[in-house]
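Please walk me through this structure, beginning with the ligand and ending with the strands.

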Amino acid sequence: MDDFQSQFTDVNTLGEFGLIDRLTNDITIQHSSTVKGIGDDAAVLKFGEDCLLISTDLMIEGIHFDLMYTPLKHLGYKAVIVNLSDIYAMNAEAYQITVSIAFSSKFSVEAIEELYKGIKEACRIYKIDLIGGDTTSSPKGLSISITALGRAKSKDICYRSGAKKGDIICISGDLGSAYLGLQILEREKQLYLSNPGIRPDLENQKYILERQLKPEARKDIVDYLRKADLVPTSMIDLSDGLASDLMHVCKASKVGAYVEESKIPINQESQLLAIKFQLDPITTALNGGEDYELLFTVDEKDLEKIRHMPSVYIIGEIVDQKDGITLHTTGGNIHPLKAQGWNHFTPTPPQKDN
Ligand code: ADP
Ligand code: MG
């Protein structure tokens, strides 16, 4: 490496979260209306009684999606869902989105219309108004950036930072299937590339493929929580993987956690498929991303309310920070929980992120 090059840091050495931290750690909040800036699933702005929540995500062809196996309609749907999920992860209602797209000349009007069919379908189902955006050309591929806006009363908002010792750790559904869906699609893509005459073998894998291609955001959980008059102490959506996202909560809350392996819900089809792929089902559940389930912590006094809530699984407990973040295995061992989530700029295979 010459002297000139050695003055510059390779982005890979910092990783995605390290880079965000380096770029933003000197930013100071200048307005009292900014209740929460960088560092959670959404920013929180307070004007009067209610808070406005804002979250944005960028999806790039070849990094976040592969159009060889992603139908444009599904892509549009998913691009909305991943943003709504960040608003619900704050225990807020989502109401509006803006959509910005950049695309090359290889895309026809009909192709972009197909993308919008998915966007509009998600807006219809989740009752979201599409209120604006931006459209531009790009030298290569397709990029979509969506910003979601939501609203909540300040007392209802759940941050990553509110978990405390003794809280119960809950998740809203089974984990690992979205990652396995991606493995199937990648496998079929490789088979097709080596023999274009071959028909994809996607029979009996509807659930797993849908978890990857057409995920849902857990608005229903936010509704259940409201009905039960229960405000979690912290919440995050599982976009990077349970291990990585639980670590975000623990870091922000300055606590540790233990998770019981036997309590982590895994869909039966996914379990079988993981084994077929020679993957440990628990590892895919811990580290596979993009399930878009909610992970939240509740005070132990609310155990009864949680027990009766549909599709909520209790997987562990918050402990002192000094006790670390651990996995209690079915065999009775205790391991430190390692995050291998989708960190964009470190070479952890396969390269994926949302
Ligand atoms: P999520 O996975 O919930 O979408 P991210 O990991 O993408 O969250 O981002 C973590 C935090 O960093 C968020 O508060 C986000 O708004 C902020 N952030 C991400 N990228 C940037 C950036 N380039 N500049 C400023 N803030 C950023
Ligand atoms: Mg999030």
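Helix H2 (residues 11-24) gives the largest share of the shell around ligand 1, three residues. Helices here are DSSP runs of H or I with at least four residues, strands are runs of E with at least two, and both are numbered from the N terminus. The model is predicted: local features need pLDDT of at least 70, side-chain atom pairs count only at pLDDT 80 or more, and totals for chains, interfaces and linings use all residues. Residues are numbered from 1 along each chain as its sequence is written, chains are lettered from A and ligands numbered from 1 in the order in which they are written, and side-chain values use heavy atoms, with hydrogens and water left out.

Twelve residues surround ligand 1. A residue counts as near if one of its heavy atoms lies within 4 Å of the molecule. The closest are Gly39, Asp40, Asp41, Asp86 and Arg160. By class, the shell holds three nonpolar, four polar and five charged residues. Asp, Glu, Lys and Arg count as charged; Ala, Val, Leu, Ile, Met, Phe, Trp, Tyr, Cys and Pro as nonpolar; the others, Gly among them, as polar.

Now look at single atoms. A polar side-chain atom of Asp41 lies 3.0 Å from an oxygen atom of ligand 1. For Asp86, a polar side-chain atom is 3.1 Å from a ligand oxygen. Asp40 uses its backbone instead: an N or O atom there lies 3.2 Å from an oxygen of ligand 1. The protein covers 65% of the 560 Å² of accessible area that ligand 1 has on its own. Such areas come from the Shrake-Rupley method with a 1.4 Å probe.

Turn to the strands. Two strands pair if DSSP finds at least two bridges between them. Strand S9 (residues 256-260) runs parallel to strand S12 (residues 325-328), joined by four bridges. Here Ala257 stands opposite Ile325. S12 also pairs with strand S13 (residues 334-336), antiparallel, over three bridges. In that pair, Thr326 faces Pro336. S12 and S13 form a hairpin with five residues between them. In its turn, Gly332 has a positive phi of about 90 degrees.

Methods. Polar contact = N/O pair within 3.5 Å; in protein donor to acceptor, adjacent residues only side chain to side chain.
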